[in-house]
Amino acid sequence: MIELLPQAASLIFTIEGIGVLVLGTMLGIILGALPGIGSTVAVAMILPFTLTMSQAPAILLLLAVYAGSVYGGSLSAILINTPGTPQSAATCLDGYPMAQRGEAGLALGWSTVASMIGGLTSAVVLLLAAPQLAALALNFGPIETFALILLGLTCIVSVSEGSLVKGLLAGGIGLFLGCVGGDPITGEARFTFGQFQLISGFNLLAVVIGVFALSEVLLRAASRDEADHGLVSFSGIVLPPLAAWRGRIKGLIKSVAIGNGIGILPGTGAATAAFISYAEAQRSSPNRKNFGKGEPDGLIASESANNAVTGGALVPTMALGIPGDAITAVMLATLTLHGVTPGIRLMADNPVLIAAIFSGFFVINLMLLPMGMLVAKGAAPLLRLREGYMLVLIVLLCAVGVYFVRGNPFDLLVMGVAGIIGFVLRRQGMPMAPLVIGMVLGPTLEISLRQGLIITDGSFGEFFRGHPIAVVLVALAIGMLSLPLIGAWRKKHAAPE
Amino acid sequence: MSVLTERRVTSLVLLLVGAALLSQTFGQAHSGLGAFSPMFFPRIVLGFWVAVAVLDIFAELRDHHVVTRPRLLRVTVIAVASLAFLVSMTRIGFFLAAAPFAVVALVTLGLRNPLSIAGVAVGVPAALVALFNHVLTLPLPTSPFAWWF
């Protein structure tokens with residue numbers, strides 16, 4: 001990978017390349033800062049702008065929006081005590097108290113530097129870990145691929161916020177949606193009910209945008225909570241002096257390691273990383289008594305960890321084609337739309353493109369500091385924007401995004417219906433990430449299972465014989481599924497004490 | 001309908017939809033072809049769906065969630081307006097579909113300043129049409145009345 005960096009640089013350091021990195025980071029910060037939009041919707045909204053671009057700039061633009069939006073969430077968390085993205089929720093705990101005592105600029109300074117360091121380390125992890133993982137996966141046949149996808153599906157357990165049963169049900173619905181259309185082996189139409197538009201299946205992006213963005217608009221319209229965005233006084237980011245870092249570097253390294261480690265695990269997500277890192281900092285920091293009252297150590301812990309997740313989360317997505325969460329599921333769909341199929345063959349088939357994407361991701365994170373300083377002051381008044389305007393803008397941009405994928409009116413209808421169904425299911429407490437993960441992984445799971453069974457003459461008994469990697473992957477999948485059950489059992493038996 | 005009933009009804013509907021779809025996988029000509037059958041994988045998936053949906057109903061019957069009631073009228077108007085906009089934008093053009101949608105949505109969401117509503121309802125779709133149709137030359141659907149919007 002390292003030897004490809006000069007060729008990769010020739011793809012990034014062009015006028016178009018630099019332009020998309022600057023624009024993408026800027027848009028990402030602004031969209032991430034607006035409460036309710038979040039990284040997933042931000043990436044989905046920017047997608048139509050990339051359709052006329054060539055592969056590398058298009059993917060870099062979306063990565064810039066992704067990384068920028070994760071950082072951007074801290075702006076609203078600190079200035080209006082409302083996390084722009086779920087991963088910035090822990091940032092509110094110390095960021096807003098700092099802002100309330102007149103140190104909003106300094107709080108944003110801490111979060112900007114911590115975000116940049118977290119993101120940079122994650123880019124290095126992505127650059128080093130993804131090719132190793134992909135090299136291992138090159139030996140995979142259909143049975144190993146089946147076992148791998150099965151393992152990928154177990155991340156549904158960890159993204160099932162609150163209810164495992166509802167998460168599994170959403171995953172099952174997603175797997176079914178992936179079955180609609182032509183059978184991948186015989187080509188026969190399945191579950192099309194005479195509708196020729198369904199022969200090619202549901203458009204993934206229309207469903208994703210419907211269940212995430214449109215349903216979010218409906219949920220906000222249905223909500224009785226009126227957003228009260230009281231902006232604290234803020235005149236620009238103030239970088240913390242070098243001396244102020246004394247005694248905090250160890251905590252920063254620990255948080256970055258937590259973020260990177262959690263990022264690689266499919267389905268854990270940046271919000272979890274931020275809270276685990278915050279809890280660890282609260283346990284081990286010498287300033288632990290000030291946590292929750294505006295302590296920079298708390299800000300460093302949450303912001304460095306949530307940005308460190310970004311690169312780590314892309315490792316299984318790029319190397320194995322397994323999206324770890326909703327954002328990487330959207331990224332996966334986006335890459336496919338641009339003719340890049342993430343997964344086992346990705347690194348072998350597109351080495352220069354991948355080197356450009358990975359090194360571009362490093363540059364994006366490097367740019368968080370100057371772009372953050374440039375954009376934050378201008379973006380702050382946008383936080384006063386009435387929610388109604390934002391919701392209308394989301395619907396319009398999502399419609400544009402879905403229309404541009406295939407120009408198919410049916411996709412717009414699918415988006416609308418998916419939005420309404422998504423609203424009903426989310427009110428039910430059903431998480432939407434498992435649905436998307438099921439829909440993305442379903443077709444590969446089906447093909448590998450059926451190919452494997454055809455190889456073994458339909459014998460499930462012979463399926464894993466002579467495939468030790470597949471056995472290990474299935475054992476890991478069973479382990480992942482068992483963890484919450486073991487946790488629940490232990491909790492139940494510990495309760496009487 | 002109370003929120004609790006709403007959740008239970010939704011769970012029941014999910015079970016019935018799963019069961020109905022599962023029934024579609026039986027009785028087909030190639031149901032005995034094993035892994036070659038197009039219905040082989042959907043049957044496994046739908047079987048899983050139905051099994052988990054049954055568990056979900058039990059969980060809903062046991063649980064007593066405290067959930068705030070939604071603003072039903074508001075959300076219905078936004079949902080219908082969104083659907084109407086999405087269906088009509090390829091027929092009457094993006095601008096002509098988006099402007100009335102924006103007016104309805106903004107008024108429903110509680111905005112009352114007519115100048116702001118008109119500005120956003122006309123300005124945002126017009127800006128998007130100008131950007132995509134005339135700058136990026138990625139045409140959004142135009143109206144049957146004029147090529148430029």
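**Figure 1. The two domains of chain B.** Chain B is divided into domain 1, spanning residues 3-62, and domain 2, spanning residues 72-135. The model shown in this and the following views is predicted. Taken over C-alpha atoms, the centres of domain 1 of chain B and domain 2 of chain B are separated by 38 Å.

**Figure 2. The side of chain B that touches chain A.** In this view, 50 residues of chain B are in contact with 52 residues of chain A. Five elements of chain B each give two or more residues to the side that touches chain A: helix H1 (3-24), helix H2 (40-62), helix H3 (72-92), helix H4 (94-108) and helix H5 (114-135). The largest share of this side, twelve residues, is supplied by H2(B). By residue class, the side of chain B that touches chain A comprises 39 nonpolar, seven polar and four charged residues.

**Figure 3. The largest nonpolar core.** The largest nonpolar core has 220 residues. The residues with the most contacts inside this core are Val43(A), Ala44(A), Val208(A), Ile209(A), Cys398(A) and Ala399(A). Helix H4 of chain A, residues 55-80, gives the most to the core, with 18 residues. Domain 1 (3-62) and domain 2 (72-135) of chain B both give residues to the core, so the core lies between them.

**Figure 4. The surroundings of Val43(A) and Tyr66(A).** Residues up to four places away in sequence are left aside for Val43(A), which touches Leu62(A), Val65(A), Tyr66(A), Ile327(A), Val330(A), Met331(A) and Thr334(A). Tyr66(A) is placed in helix H4 of chain A. Because 28 other C-beta atoms lie within 10 Å, Tyr66(A) is buried. Apart from its neighbours within four places in sequence, Tyr66(A) is in contact with Gly28(A), Ser39(A), Val43(A), Thr310(A), Ile327(A) and Met331(A). Although Tyr66(A) and Val43(A) are 23 residues apart along the chain, their C-alpha atoms are separated by 6.3 Å.

**Figure 5. The contact of H4(A) with H14(A).** Two packed helices are described by the angle between their axes and the distance between the axes. The axes of H4(A) and helix H14 of chain A, residues 326-337, come within 11 Å and cross at roughly 170°. Angles over 145 degrees count as roughly antiparallel, and H4(A) is therefore roughly antiparallel to H14(A). On the H4(A) side, the contact is made by Ile59(A), Leu62(A) and Tyr66(A). On the H14(A) side, it is made by Ile327(A), Met331(A), Thr334(A) and Leu335(A). The residues of this contact divide into six nonpolar, one polar and no charged.

Figure 6. Phe191(A) is located in the loop between strand E2 (189-190) and helix H10 (204-222) of chain A. Although Phe191(A) is not a glycine, its phi is positive, at about 50°. Phe191(A) counts as partly exposed because it has 19 C-beta neighbours inside 10 Å. Phe193(A) is also found in the loop between E2 and H10 of chain A. The phi of Phe193(A) is near 50°, a positive value in a residue other than glycine. With 8 other C-beta atoms within 10 Å, Phe193(A) is exposed.

**Figure 7. Gly187(A) in the loop between E1 and E2 of chain A.** Gly187(A) lies in the loop between strand E1 (181-182) and E2 of chain A. Gly187(A) has 10 C-beta neighbours inside 10 Å and therefore counts as exposed. From C-alpha to C-alpha, Gly187(A) and Leu60(A) are 35 Å apart in space, and they are 127 residues apart in sequence.

Conventions:
Residues numbered from 1 in each chain as written. Chains lettered and ligands numbered in written order. Predicted model: local features only at pLDDT ≥ 70, side-chain atom pairs only at ≥ 80, totals over all residues. Contact = placed C-beta atoms within 7 Å. Helix = DSSP H or I, 4+ residues; strand = E, 2+ residues; numbered from the N terminus. Nonpolar A, V, L, I, M, F, W, Y, C, P; charged D, E, K, R; others polar. Core = buried A, V, L, I, M, F, W, Y, C linked by C-beta atoms within 7 Å. Buried ≥ 20, exposed ≤ 12 C-beta atoms within 10 Å, placed from the backbone. Domains from an automatic or database assignment. Axes fitted to C-alpha atoms, helices over the stretch in contact; angles between N-to-C directions. Parallel < 35°, antiparallel > 145°, perpendicular 65-115°, else oblique.
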